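Me: Please show me how to read a few local features in a model like this one.
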Amino acid sequence: MNPDIQLRHDVFAQLNWDPAVNACDIDVRVKDGVVTLLGKVADEAQRAAAECAARRTEGLTTLLNGLTVRPPREWALDAAASSAHSA
């Protein structure tokens with residue numbers, strides 16, 4: 001298997017394993033062994049938890065944390081849209 005694909009899989013496994021991380025809105029990109037986290041998270045604690053979880057991945061040497069913290073208003077709009085769709 002391609003080492004970048006395996007590393008991406010392993011990082012996702014760490015993100016999904018960690019209960020402090022909501023990995024739904026996190027994308028992982030790997031190029032030549034460099035891992036980049038992209039997406040939006042609820043707060044700085046989740047951003048830090050995602051970085052910490054990714055760093056636990058064996059074989060990871062370089063991590064770029066491109067996660068952004070979503071403003072509270074944006075979370076409220078997403079929650080309202082989700083509840084409207086499920087009703």
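This is a predicted model: local features need pLDDT of at least 70, side-chain atom pairs count only at pLDDT 80 or more; totals for chains, interfaces and linings use all residues.

Reply: Residues are numbered from 1 along each chain as its sequence is written, and side-chain values use heavy atoms, with hydrogens and water left out.

Me: At what angle do helix 1 and helix 2 pack?
Reply: Helices are DSSP runs of H or I, at least four residues, and strands are runs of E, at least two, numbered from the N terminus. Axes are lines fitted to C-alpha atoms, for helices over the stretch in contact, and angles run from 0 to 180 degrees between N-to-C directions. Here helix 1 (residues 3-17) and helix 2 pack at about 130°, with axes 8 Å apart.

Me: Which residues make the contact?
Reply: Contact means heavy atoms within 4.5 Å. Helix 1 contributes Val11, Gln14 and Leu15, and helix 2 contributes Ala50, Ala53 and Ala54.

Me: Is threonine 57 buried or exposed?
Reply: Buried means under 20% relative accessible area, exposed over 50%, and partly exposed in between (1.4 Å probe, protein chains only). Threonine 57 counts as buried because its relative accessibility is 5%. Threonine 57 sits in the loop between helix 2 (44-55) and strand 3 (62-69). Neighbours within four places in sequence aside, threonine 57 is in contact with Leu7, Asp10, Val11 and Gln14.

Me: Where does aspartate 32 lie?
Reply: Aspartate 32 is in the loop between strand 1 (26-31) and strand 2 (34-41). Aspartate 32 is exposed, at 67% relative accessible area. The phi of aspartate 32 is near 55°, a positive value in a residue other than glycine.
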